[in-house]
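Good morning, colleagues. I would ask you to keep the structure on screen while I go through it element by element.

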Amino acid sequence: MTARMKALVFGCTGQDGALLSRSLLRQGFEVLGVSRSSNPNLSIHSALGIVEDLQVMPGDICDFREMLELITRFQPDEIYNLAAQSSVGLSFRQPVDTFNSIINGTINLLEVARFADFSGRIYFAGSSEIFGNTHKPANAQDPRSPLSPYAIAKDASLNTVQVYRQAYGLNCVTGILFNHESPFRSSTFVTRKIVDGAVACVRDKSLKISLGNLRVARDWGWAEEYVEAMQILLRANKLEDQVICTGRMQTLEYFVERVFQTLGLNWCDHVEIQEHLLRPSEILESVGDPEPMKLAHGWKARTDVDGVIQRLVDFATSRE
């Protein structure tokens, strides 16, 4: 009998970690998820129906000895590092924690892999935030201009992964993901706030939701498709960092208007702009170039912003 492939997923309790774990389990992988918490929240896993199939253990990706013992014992074929503080807004209030969770986690995992002569493959979660304002659709070779503590840390992580791949021959790669959504996004993310708020306004027409700058424009995709792209990048014959995106950009105002319109409401009656929600440094336009990923790996996003909005609204209203 052929031995089952093994995957180690750091940050397994978040949106991407949970969706990735389900995808790997469906392919027959033995999956071990690692969470920073000794009492991890498995609500997403429960909703996905994978609680019984997934092993989850507490672990600190910044602890060299702990990670060395874990990788030596479990002997994974694939490692996915999705563990980090992932809120751009929060990174302005907690820059030290943001830097530590991203940069220290990256360098520690790479050093463990180098020390242990790890021959498997390691995926690192990158972010489109590293580009700052994209004056044209961005690809992995474009100049970067990070505008937040989160983006600076992600940029440093990308550079470090490249160094270890080139200098030490480690099988490591970064997927630079643009915005991607699902019903399992944290309530701190603006898309979740908009959809949940709009659904609440259907019940109570007097409700208002507070938002920041609606002029910002983003490239939104569907998270379940993006975890497929992660695996494609990791298993490619040639490991190279790539942007994962749809190539279509719309403003946050467009997102808000379409959500409320889908629910039969006028967004202007329910949205208030609050100055305190504006970030100290904001990216106004962010869009990726999907062509390199399509040409190199045949992957193309199937769901753009309109499909994302419809799916999120359908899910939210189905729970009513």
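Asn81 has a relative accessibility of 6% and therefore counts as buried, where buried means under 20% relative accessible area, exposed over 50%, and partly exposed in between, with a 1.4 Å probe and protein chains only. This is a predicted model, in which local features need pLDDT of at least 70 and side-chain atom pairs count only at pLDDT 80 or more, while totals for chains, interfaces and linings use all residues. Residues are numbered from 1 along each chain as its sequence is written, and side-chain values use heavy atoms, with hydrogens and water left out.

Asn81 belongs to strand β4; helices (H or I, at least four residues) and strands (E, at least two) are DSSP runs, numbered from the N terminus. What does Asn81 touch, not counting residues up to four places away in sequence? The list is Phe10, Ile61, Gly105, Thr106, Leu109, Tyr123, Phe124 and Ala125, with contact meaning heavy atoms within 4.5 Å.

Let me turn to the sheet. It is an open sheet of 7 strands with parallel pairing, in the order β3-β2-β1-β4-β5-β6-β11; two strands pair if DSSP finds at least two bridges between them. At the edges are β3 (55–58) and β11 (242–244), each of which pairs on one side only. On average, neighbouring strands of this sheet are turned by 25° against each other, direction ignored. For such angles, axes are lines fitted to C-alpha atoms, for helices over the stretch in contact, and angles run from 0 to 180 degrees between N-to-C directions.

Helix α1 packs on this sheet, where it touches β1, β2, β4 and β6, and its direction makes about 175° with that of β1. Helix α3 (residues 64–74) also packs on the sheet, in this case touching β1, β2, β3 and β4, with a direction at about 160° to that of β1.

Next, strand β1. Is β1 (residues 6–10) largely enclosed or largely open? Of its 5 residues, 4 are buried, so the strand is largely enclosed by the rest of the structure. With strand β2 (residues 30–35), β1 runs parallel and is joined by 5 bridges. The chain passes from β1 through helix α1 (residues 15–26) to β2, in a β-α-β crossover that is right-handed: with the strands pointing away from the viewer, the path from the first strand over the helix to the second runs clockwise. With strand β4 (residues 78–81), β1 again pairs in the parallel sense, over 4 bridges. Val9 illustrates both pairings: its bridge partner in β2 is Gly33, and its partner in β4 is Tyr80. Elsewhere in the sheet, strand β6 (residues 172–177) runs parallel to β11, with 3 bridges joining the two. There, Ile176 has Val243 of β11 as its bridge partner.

The 12 residues of α1 should span 16 Å at 1.5 Å a residue, and its end C-alpha atoms are 17 Å apart, so the two values agree; the expected span is 1.5 Å times one less than the number of residues. Helix α1 is mostly covered, with 11 of its 12 residues buried. One of them is Leu25, which counts as buried because its relative accessibility is 17%. Leaving aside its neighbours within four places in sequence, Leu25 is in contact with Val31, Ile50, Asp53 and Leu54. Just after α1, Gly28 adopts a positive phi of about 95°.

For helix α6 (residues 149–168), the 20 residues should span 28 Å, and the end C-alpha atoms are 28 Å apart, in agreement. Its buried residues include Pro149, Tyr150, Leu158 and Val161. After α6 comes Gly169, with a positive phi near 70°.

Finally, the cysteines. How many disulfides are there? The count comes to 0, a disulfide being a pair of cysteine sulfur atoms within 2.5 Å. The sulfur of Cys172 has its closest cysteine sulfur in Cys62, at 17 Å, which is too far for a bond. Cys268 is likewise in no disulfide, as the nearest cysteine sulfur, that of Cys201, is 13 Å away. As to accessibility, Cys172 counts as buried at 0%, whereas Cys268 counts as partly exposed at 49%.

Thank you for your attention.
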